[in-house]
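This report concerns a single protein chain and the way its side chains pack. Please keep the sequence and the model at hand while reading.

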Amino acid sequence: VRGLVPNKPMKALQFGSAYHACWELRYVFGGQRPYDEVCDAIRKAGAPKLASEVQQLFFVELQKYAQQEADEWDIRAVEANAVFWADPIRINGKNVYLPFSCRHDTLIAKRRPGDPCSPPGPVANGIFIVDRKTTGQMTHDMVKGYAMDGQFLMNALVYERSDEAEKFGPLQGMIFSVAAKHAKPTPDRSFHRVETVTDESTLNRFLHDELIPVAAEFYRRLDSPECRGDINLW
């Protein structure tokens, strides 16, 4: 809306966006449309190297996880947006309802191999939020400590306080699927999945001690006459 654009293309963001698009195509169409469509479009747009790197990593990850996902995952939503509104707080002399939002890569329920998927609506045994990450290398900090990761806490917080639990079922936890962009990716060393959970007290602290103070300050600044009148201050 404000006409703000990056100074230059960010390759890591381009790679991650393309990689997510491949998985979105696979899950939305149940594997009936080839993921190559995304990479072919990238090639036609003039980025053949990026297309080849994304295609290679995606194919190798399929080799590692495709059968397990087909047997055990019940896909409930793909690229799902959610939002909740916090209780009003006083900012610049008025009561303000601050919105907090996120996008979940995938929402899944787990099932035993051979069991059918659940019908539409909430799943009694609960939902896992799946988040995909790409990284230059598989380091210790990429695969440990996700229970306190800010993105995980945000995903869990929005899920619990929006209407998603009513639509999909209670939150069971989160699965981080990490893919390393190795020159020659292999199923054994290029991928790692971490399953983690959190608790209500942690989410409450995160909301009130971290999110609301920062969001309130953002709102205070953006709502000021100086900021509204000068795009450079954004």
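The text below treats the overall fold, the nonpolar cores, the aromatic pairs, the surface and the backbone in turn.

**Basis of the values**

The model is predicted: local features need a pLDDT of at least 70 and side-chain atom pairs count only at pLDDT 80 or more, whereas totals for chains, interfaces and linings use all residues. Residues are numbered from 1 along each chain as its sequence is written, and side-chain values use heavy atoms, with hydrogens and water left out.

**Overall fold**

The chain has 234 residues, of which 42% count as buried. Here buried means under 20% relative accessible area, exposed means over 50%, and partly exposed lies in between, with a 1.4 Å probe and protein chains only. A contact means heavy atoms within 4.5 Å. Among the contacts in the chain with a separation of 6 or more, 71% join residues 24 or more positions apart.

**Nonpolar cores**

A nonpolar core is a set of buried Ala, Val, Leu, Ile, Met, Phe, Trp, Tyr and Cys residues joined through side-chain atoms within 4.5 Å. The largest one has 34 residues, and F100 and L107 have the most contacts inside it. Two or more residues of this core come from each of β1 (73-85), β4 (99-110), β5 (127-135), α5 (150-161), β6 (171-180) and α7 (200-222). Another core lies apart from it and has 27 residues, including L25, I42, L50 and V130.

When residues up to four places away in sequence are not counted, the residues that L107 touches include D74, I75, R76, A77 and A80. The list for L107 also includes I127, F128 and I129, as well as Y159, E164 and F168.

L157 lies in helix α5 and is buried, at 0% relative accessibility. With residues up to four places away in sequence again set aside, L157 touches F84, L203, F206, L207 and L211. L157 and F206 are 49 residues apart in sequence, and their C-alpha atoms are 8.6 Å apart in space.

**Aromatic pairs**

A pair of aromatic rings is described by the distance of the centres and the angle of the planes. Rings of Phe, Tyr and Trp (its six-membered ring) pair if their centres lie within 6.5 Å; planes under 30 degrees apart count as stacked, over 60 as edge-to-face and the rest as tilted. By this rule there are eight aromatic pairs, two of which are set out here.

| Pair | Distance of centres | Angle of planes | Class |
|---|---|---|---|
| W23 and F58 | 4.4 Å | 55 degrees | tilted |
| F152 and F176 | 6.2 Å | 75 degrees | edge-to-face |

W23 lies in helix α1 (residues 11-28) and F58 in helix α3 (residues 48-72), so the pair ties together parts that are 35 residues apart in sequence. W23 counts as buried at 2% relative accessibility, and F58 counts as buried at 0%. Both residues belong to one aromatic cluster, formed by F15, Y19, W23, Y27, F58 and W73.

F152 is buried at 1% relative accessibility, and F176 is buried at 0%.

**Surface**

The accessible surface of the chain comes to about 13300 Å², and carbon and sulfur atoms account for 54% of that area. Accessible areas come from the Shrake-Rupley method with a 1.4 Å probe; for residues, only the protein chains shown count as cover. V83, W85 and Y97 make a nonpolar surface patch of about 360 Å². Like charges are joined within 9 Å, and nonpolar side chains (Val, Leu, Ile, Met, Phe, Trp, Tyr) within 5 Å. V83 lies in strand β1 and is partly exposed, at 40% relative accessibility.

**Backbone**

Phi of E79 is near 50 degrees, a positive value in a residue other than glycine. E79 lies in strand β1 and is buried, with a relative accessible area of 15%. Phi of N92 is likewise positive, near 50 degrees, in a residue other than glycine. N92 is found in the loop between β2 (89-91) and β3 (94-96) and is partly exposed, with a relative accessible area of 43%.

Conventions
Helix = DSSP H or I, 4+ residues; strand = E, 2+ residues; numbered from the N terminus. Patch = residues over 30% accessible without salt bridge, like charges linked within 9 Å, V, L, I, M, F, W, Y side chains within 5 Å. Salt bridge = Lys/Arg side-chain N within 4 Å of Asp/Glu carboxyl O.
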